[in-house]
Amino acid sequence: MMFLVVRPCGSSSARIHHHHPTPPRGSRNVVVRCSVSSSVQEKEEKGTELDCSVSFPPIRAAKRVVLVRHGQSTWNAEGRIQGSSNFSVLTKKGESQAETSRQMLIDDHFDACFASPLARSKRTAEIIWGPHHEPIIPDYDFREIDLYSFQGLLKHEGKERFGSAFRQWQVDAANFNIDGHYPVRELWDRARSCWTKILAHDSRSVLVVAHNAVNQALVATAIGLGPEYFRTLLQSNCGVSVLDFIPRSEGGSPHICLNRLNQTPGSSIAGGKSGGREPSKRIILICNGSTQGNTEDVFPFGGDQPLNMLGVIQSQKSAELLLDLKVNSIISSLNKACIGTATIISQVQEAADCLGADCVPRYVEMKQMGSFDVETIFKQTETAISNFPPFQPGWLNRVDDGLRTKLWDQSRKAWQSLLDEISDESNPEVVVAVGHPAIHIALMGHCLNLTKEWLGSFHLDAGSVSLVDFPDGPKGKGVIRCLNYTAHLGRWSIPITRSTEDGEEF
């Protein structure tokens, strides 16, 4: 995979327009049922329930919001705690990351850009926004999390000075208290007020350039997750996340779908920390490549079909992405397209070890599991495929509840199979699973300990890659490093944004 990296010269032409609307302090636009004081263990036992009272202002037309974290800053490089301080600036690497993100988004259309006014995010926004004539909208509510006395300290200094408080910040951030404040809870409240401003803005496609923690909070509050999910939805430097807001014909709070998470300028597979810790185990979910029945415009299940030519190319691109890892086994469903994708990955892995003079042939084991096969769920509907919703964000919301229940129950078995694989000490640290987008969406729900009502809250495209790290081992919480990553597909990837000129209004 190759990206064009150009170091920007001169000053950006982006103009700054000051915008300081202040929402009523007593109002809330989102209510999350689970209390932040409840124990994480209790939530894991019961599962997080989708609260119907989670509410956003109604919208008349579909809106897509693209979140970008700023590039590497001087304090990122030093390992210094930034919080909402404004003393760090972008490094040369950070500016290059921002330019790469600009190139990644260059064919995408945006109507407006909100940005944190802190120097590191402001500069990132200027680089990405580039020649747009519309002014950037700075808003202080998009600043990074307020960390009070922690700000400016190196991490080892935080441990030395604050001891147990710093430990709580690391392991129980939702209940972390410093200087009389609960920073993560405050951040979640602030993120909800940000959504009110974004949705009220007269635009169809919005770019938001901000920070790690606030972008986590924006994603989480949009789909109804509480502060206990802090550090679960990774945001890397210049990582791109996309949320779709879909109006309801009857009015009220829109449907909201996380279209992708943390699409980075570099490889999603490359090593790095998850939630501030090194991952000990990893699950990589790869959606099978396209078939004749798997396009943007039709229901993504047309029977047990092999890969079409685009699907072969997508599978080859996924195989190239995985060359940074040594894959020893691949799990797939019994579907022809999934087996085809898994076979291409295994062939590329085996060939990669035989390019040198001293090569040693290696065999990649392939396993087929029935619990990954959606055909057993949807085959009864083959005569009524035209009645299914198009393969667009949130399509699982419109599938019959009985079928969603079957998908959820079957995917629970598949998720347990993956956990068993990474729990086996004789197995490698990385498990690769190839399946249909519907089964992988459900697997993400189980990873986050959600319920079937969340199935419409995530979207995956054919050929996409999603990655879950386990920094505390298989029995710990999974950290989603990326979801619906498609940058590796190059010219065959689906654009971040689409034209909204002809979108339906309500």
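The model is predicted. Its largest nonpolar core has 84 residues, and a second, separate core has 24. The structure also holds 17 salt bridges.

**Nonpolar cores**

- In soluble globular proteins, nonpolar side chains tend to be buried together.
- W169 touches I145, L147, F150, F176, V184, F230 and R231, leaving aside residues up to four places away in sequence.
- The second core is separate and counts I286, V465, C482 and A487 among its 24 residues.

**Strands β5 and β6**

- Strand β5 spans residues 240–246 and runs antiparallel to β6.
- The two strands are joined by 6 bridges.
- Strand β6 covers residues 255–263 and is mostly covered, with 8 of its 9 residues buried.

- Side chains of opposite charge can pair when their charged atoms come close.
- R143 forms a salt bridge with D146, and their closest N and O atoms are 2.8 Å apart.
- R143 has 11% relative accessibility, so R143 counts as buried.
- D146 has a relative accessible area of 13%, so D146 is buried too.
- The pair belongs to a network of salt bridges that links D139, D141, R143, D146, R190 and K197.

**The D401–K452 salt bridge**

- D401 pairs with K452 in a salt bridge, with 3.2 Å between the closest N and O atoms.
- D401 lies in helix α12 (residues 401–423), while K452 sits in the loop between α13 (437–447) and β11 (465–470).
- The two residues are 51 apart in sequence, so the pair ties together separate parts of the chain.
- D401 is partly exposed, because its relative accessible area is 39%.
- K452 counts as buried at 17% relative accessibility, because the cut-off for buried is under 20%.

**The R481–D469 salt bridge**

- The side chains of R481 and D469 meet in a salt bridge at 2.8 Å, N to O.
- R481 is in strand β12 (residues 479–485) and D469 is in strand β11.
- The two residues are 12 apart, and the pair links distant parts of the chain.
- Both R481 and D469 are buried.

Conventions:
Residues are numbered from 1 along each chain as its sequence is written. This is a predicted model: local features need pLDDT of at least 70, side-chain atom pairs count only at pLDDT 80 or more; totals for chains, interfaces and linings use all residues. Side-chain values use heavy atoms; hydrogens and water are left out. A nonpolar core is a set of buried Ala, Val, Leu, Ile, Met, Phe, Trp, Tyr and Cys residues joined through side-chain atoms within 4.5 Å. Buried means under 20% relative accessible area, exposed over 50%, partly exposed in between (1.4 Å probe, protein chains only). Contact means heavy atoms within 4.5 Å. Helices (H or I, at least four residues) and strands (E, at least two) are DSSP runs, numbered from the N terminus. Two strands pair if DSSP finds at least two bridges between them. A salt bridge is a side-chain nitrogen of Lys or Arg within 4 Å of a carboxyl oxygen of Asp or Glu.
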